[in-house]
Structures are given as structure tokens and as C-alpha cells.
Amino acid sequence: MTIKLYQFMISHYCERSRWNLDHKGVPFQLVNWIPGPHIPKTKRMGFKRSYVPILDYEGELVQSSDNIARFLEQKFPEKPLWPADADAAAEVDRWVQLADEKIGIPLRSIMYSVLIHERKQVIDLWCQDNHLLNRMISNLLFPVLKKKLTRFYKLNDRPRHEAAFAEGIAAFDAVYAKQDFLVGDSFTFADLSLASLLAPMVMPPQHQVKWPAETPDSLQSFFEKHQSGPSGQRTLALYRDFRGR
Ligand SMILES: N[C@@H](CCC(=O)N[C@@H](CS)C(=O)NCC(=O)O)C(=O)O
């Protein structure tokens, strides 16, 4: 039976699961959804929440990249992403939570706060490796999705997202300025999380997403403030050294 990952290509949480599956050497098929029509699909699968990624592992459905990571860790213990030591494993979990709350979530809002005004760029990102019908549906739904994303991701509150991001990146920078890995001396789910969630800002060449050729100015200036810092540079190196496909 084929293992499937239901996803949005643009989503950095989906990238976390793509990388996770590749790291574990699990062959899988991507099923590229677009925002909007994904909602009834997730409901039909029996989930209360509508987010992706969702892993279909031989009929067993797992939603959310953090749950998928724990599921894969149990099924495929080789190339572990958590240390055996309980304290070190708890430390990984703390970094993962920080990466979610202070990098992944605010960076998504900061990026959408600008990109949502660039209709073609957003639709290109949503519809990468997708068929023409989904591009037409995205075009039709765009005005509604724009409103929903603005409310759901609080896109009018960029200063708050920038403040959260600054707090998060400072914590990661402090560690990566001194050492290569967040916990101990090997690659863990903490490093994978930070790198995948920060990747839209540094756009590593190994990444599957085809980023817009030109980044809008107000996003570019924000990116430039952080790209050359320890976390940005470490993200590029982690992609180079660990993002095999
Ligand atoms: N905690 C989740 C977050 C996933 C998430 O926020 N996914 C977004 C895309 S980046 C999504 O599916 N949004 C649409 C929705 O919630 O319906 C994870 O780790 O996977």
C-alpha cells in the first residue's frame, strides 16, 4: 500500500513532514491539496481540525507534523530524531515547541501579511505541482480565502508577529552561534523543526518549493535583517548536510 502525505506544497509544516519522511527513508507519495477545498476532505477523513499535513500510513491517518514525527519515530526507530536520554529528549521537545510558537506561526503571518496582496505569487505557491483545475478554483476562491487568512492568521498585526519572531530567533541564534546542534552533538527533530520552519526566509536551494523570483520589498527588508544570523546560516547548512531526497 502506498504511503501518502496530504499537504499544501507551500506549507512549512508540510515541509517538516516531507523532510521527516525523507530522513527516515520512507517512500511516500505527495497528494497536493489547495486551501479551501481541503476542509471537507479533512472532515471526511474524520478530523475535527482542518489542517495539513496528514499522513496516510497504510490506512492509519495521522494529522499534524509533530504527531507524524512521533508516529514515524515509533515505526522507524533507525536514524532517531530524539536522543535516548530522557532529559535530552525533553529538551528537544522544548525547542520544537519554541520553533512552532515563535518561528513557524509568526513567520507564516508575517509572510502572508505581505504576500496576500500579491495574488499571482500566492496562487503560484498554492498551486505548485498541481493541476489546472485547482489553479482555477484557487483563483475563484481567492477573495474569500484572503478574508479568512487575514482573520485567522491575524495578518493586520504584523508588529506582534515580528516581536514574537524576534524573541524566538534570538533564542535559536544564541545556541547556533556556539554549536552546530540544538541538543547534544547530533541532528534531532529540534534542528529539523527550526530549519524547516525558518526555510521560507532563507530559501535553501534543496527546498522543493519554487519561491517567487522577486520578494516584495517589505518582506525582503525583514528577511535581510535575519538571514545572515546564526539560525539563518545554520538552516542553509542543515539543508545542505541533512536534507537528502
Ligand atoms: N501544528 C500543525 C500545524 C499545521 C498547520 O498550521 N497547517 C496549516 C498550513 S501551514 C494549515 O493546514 N492551515 C489550514 C487549516 O488550518 O485549515 C503541524 O505541526 O502540522
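Why does I123 count as partly exposed? I123 has 19 C-beta neighbours inside 10 Å, and therefore falls in that class (buried means 20 or more other C-beta atoms within 10 Å of its own, exposed means 12 or fewer, partly exposed lies in between, with C-beta atoms placed from the backbone).

The model is predicted: local features need pLDDT of at least 70, side-chain atom pairs count only at pLDDT 80 or more, and totals for chains, interfaces and linings use all residues. Residues are numbered from 1 along each chain as its sequence is written.

Stay on I123 and show helix α5, residues 119-126, which holds it (helices are DSSP runs of H or I, at least four residues, numbered from the N terminus). Beyond residues up to four places away in sequence, I123 touches R135, S138, N139 and F142 (contact: C-beta atoms, placed from the backbone, within 7 Å). Then select E167: its C-alpha atom is 31 Å from that of I123, at a separation of 44 residues along the chain.

Next, colour domain 1 (4-75) and domain 2 (86-242), with bounds from an automatic or database domain assignment. Their C-alpha centres are 18 Å apart. Domain 1 puts 17 residues into the contact and domain 2 puts in 23. On the domain 1 side, α1 (12-24) and α3 (65-75) each supply at least two residues; α1 gives the most, seven.

Finally, select the ligand. Around it are F8, S11, Y13, S50, Y51, V52, P53, S64, S65, D66 and R108, where a residue is near if its C-beta atom, placed from the backbone, lies within 6 Å.

Key
Contact = placed C-beta atoms within 7 Å.
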